[in-house]
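Colleague: I would like to learn how to read a protein fold. Could you take me through one, feature by feature?

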Amino acid sequence: MKKKTSPARSSSRRKAAARRGILISFEGSEGSGKSTQIAYLAGQLQQIGREVLSTREPGGTEIGEQVRNLIVHNSKGDEMCAETELLLFAASRAQLVREVIAPNLMKGVVVLCDRYIDSSTVYQGVARNLSLDPIQQINRFAVGDVLPDLTIVLDVPTSVSLARIRQRASDLPDRMERENIQFYKKVRDGYLVLARSLPRRFFVVDGTLPEEKVRKLIWDEVRKRLGV
Ligand code: TYD
C-alpha cells in the first residue's frame with residue numbers, strides 16, 4: 001500500500017525542494033569591512049561555479065533605495081523616531097525578500113546580503129532600546145521563512161570602527177554614523193550576544209585581522225558549513 005505523507009511534511013519537502021540556493025548575511029558595525037569581504041566571497045563562489053547575487057539593506061530594490069534615502073540621508077532624519085525607523089527598515093526588507101532574495105534562492109543562487117534581520121535586532125533593539133519581541137515579530141513578518149543559512153559578523157572594536165568611518169567619510173557622515181560612541185558599543189556587544197545565542201547560524205570573525213586572513217577564515221567557514 002502507498003504510504004501517505006502528512007500535509008505538513010509534504011509542504012516542508014516542497015519548500016526544501018523549492019529553495020535550492022543559500023542565503024548568507026553579513027553583519028557588523030560601520031567600517032567593519034563587510035563590503036570588501038562580500039565582494040571577495042562572491043568572487044570565490046563564482047570561481048567554483050556558483051551563481052552569486054550580492055545585495056544590501058536597506059535598499060537593493062528601487063522601492064528599498066527610496067526608503068534607504070529616507071532613513072539614512074534625509075537631512076531631517078534626526079527627527080525620525082525609533083519606531084518609524086524600525087518599520088522603514090522592515091519595509092525595505094520585505095520588498096527585497098519578495099523581489100530579489102526569494103526568487104533567486106528558488107533558482108539556486110547564492111545570495112549575499114549586506115545586513116539583514118539582525119541589524120534591526122541590534123540597532124533598533126539593543127542600541128535604540130526598542131523591545132525585542134515586537135522586533136522579532138516584525139522581522140518575521142517581513143521575511144517569512146527566508147532566514148539566513150549563515151550569518152557572518154565582522155567584529156571590530158568601537159574605536160576602530162569609528163576611526164574607519166571618519167577616514168572614509170568623503171562627505172558628511174550620514175544619520176546613523178553621527179551616533180555617539182555608546183551607541184556603537186551597544187551595537188558591537190549586541191552582535192556578540194546574539195551570535196553566542198545562535199551559534200549554529202552565526203560565525204564571528206575578528207575584523208582587525210589582516211584582510212587576507214579574514215578572507216580565508218570566511219571562505220573556510222562557508223565551505224565547511226554549507227558544503228560548497
Ligand atoms: P550603510 O551606509 O549601508 O552602512 P554600512 O555600510 O555600515 O552597512 O547604512 C546602513 C545603516 O542603517 C547602518 O548604520 C545600519 C543601519 N541599519 C539599522 O539601523 N537597522 C537595520 O535594520 C538595517 C538594515 C540597517
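Modeller: We start with contacts along the chain. Among contacts in the protein chain between residues at least 6 apart in sequence, 79% join residues at least 24 apart. Keep in mind that this is a predicted model.

Colleague: How many helices and strands does the protein chain have?

Modeller: The protein chain has nine helices and five strands. Read from the N terminus, the elements follow the order α-β-α-β-α-α-β-α-α-β-α-α-β-α.

Colleague: In what order do the strands stand in the open sheet?

Modeller: The order in the sheet is β2-β3-β1-β4-β5, and the pairing is parallel. β2, residues 52–56, and β5 are the edge strands; each has a single partner strand, so one side of each has no neighbour in the sheet. On average, neighbouring strands are turned by 20 degrees against each other, direction ignored.

Colleague: Which bridges hold β1 in place between β3 and β4?

Modeller: Five bridges join β1 to β3, and the two run parallel. Phe-26, for instance, has Asp-114 in β3 as its bridge partner. Towards β4, β1 pairs over four bridges, again in the parallel sense. There Glu-27 stands opposite Val-153. Further along the sheet, β2 and β3 are paired in parallel by five bridges, and Val-52 stands opposite Val-110 in β3.

Colleague: How should I read the two faces of a strand?

Modeller: In a regular strand the side chains alternate between the two faces of the sheet. In β1, one side carries Ile-22, Ile-24 and Phe-26, while Leu-23, Ser-25 and Glu-27 are on the other, and all of them are buried. Six of the six residues of β1 are buried, so β1 is largely enclosed by the rest of the structure.

Colleague: What share of the residues of the protein chain count as buried?

Modeller: Of the 228 residues, 46% count as buried.

Colleague: Which residues have the most contacts inside the largest nonpolar core?

Modeller: The general idea is this. In soluble globular proteins, nonpolar side chains tend to be buried together. Here the largest nonpolar core has 19 residues, and those with the most contacts inside it are Ile-24, Leu-41, Leu-45, Leu-112, Ile-152, Ile-218 and Val-222. At least two residues of this core come from each of β1 (22–27), α2 (34–47), β3 (110–114), β4 (150–155), β5 (202–206) and α9 (211–226). Apart from this core lies another, of 15 residues, including Val-100, Val-111, Ile-117 and Ala-142.

Colleague: Is Leu-41 buried or exposed, and what does Leu-41 touch?

Modeller: Leu-41 is in helix α2. Its relative accessibility is 2%, and the cut-off for buried is under 20%, so Leu-41 counts as buried. Leaving aside residues up to four places away in sequence, Leu-41 touches Ile-24, Phe-26, Leu-112, Ile-218, Trp-219 and Val-222. Leu-41 and Val-52 are eleven residues apart along the chain, and their C-alpha atoms are separated by 9.4 Å.

Colleague: Which residues does Ile-218 touch?

Modeller: With residues up to four places away in sequence again not counted, Ile-218 touches Phe-26, Gln-37, Leu-41, Ile-152, Leu-154, Phe-203 and Val-205.

Colleague: How do I describe two packed helices?

Modeller: Two packed helices are described by the angle between their axes and the distance between the axes. Take α4 and helix α6 (residues 132–143), which pack at an angle of about 25 degrees with their axes 8 Å apart. Angles under 35 degrees count as roughly parallel, so α4 and α6 are roughly parallel to each other. α4 passes α6 in a right-handed crossing. On the α4 side the contact is made by Leu-86, Leu-87, Ala-90, Arg-93, Ala-94, Val-97 and Arg-98, and on the α6 side by Ile-135, Ile-138, Asn-139, Phe-141, Ala-142 and Val-143.

Colleague: Which strands does α4 lie across?

Modeller: Helix α4, residues 82–106, lies across β1, β2 and β3, and runs at about 145 degrees to β3.

Colleague: At what angle do α5 and α8 cross?

Modeller: The axes of α5 (residues 117–127) and α8 (residues 181–197) cross at roughly 130 degrees and come within 9 Å. α5 and α8 are therefore oblique to each other. The crossing is right-handed. Among the residues that meet are Tyr-123 and Val-126 in α5 and Phe-183 and Leu-194 in α8.

Methods: Residues numbered from 1 in each chain as written. Predicted model: local features only at pLDDT ≥ 70, side-chain atom pairs only at ≥ 80, totals over all residues. Heavy atoms only, no water. Core = buried A, V, L, I, M, F, W, Y, C linked by side-chain atoms within 4.5 Å. Buried < 20%, exposed > 50% of the residue type's maximum accessible area, 1.4 Å probe, protein only. Contact = heavy atoms within 4.5 Å. Pairing = 2+ DSSP bridges. Axes fitted to C-alpha atoms, helices over the stretch in contact; angles between N-to-C directions. Parallel < 35°, antiparallel > 145°, perpendicular 65-115°, else oblique. Left-handed = near helix turned anticlockwise from the far one by under 90°.
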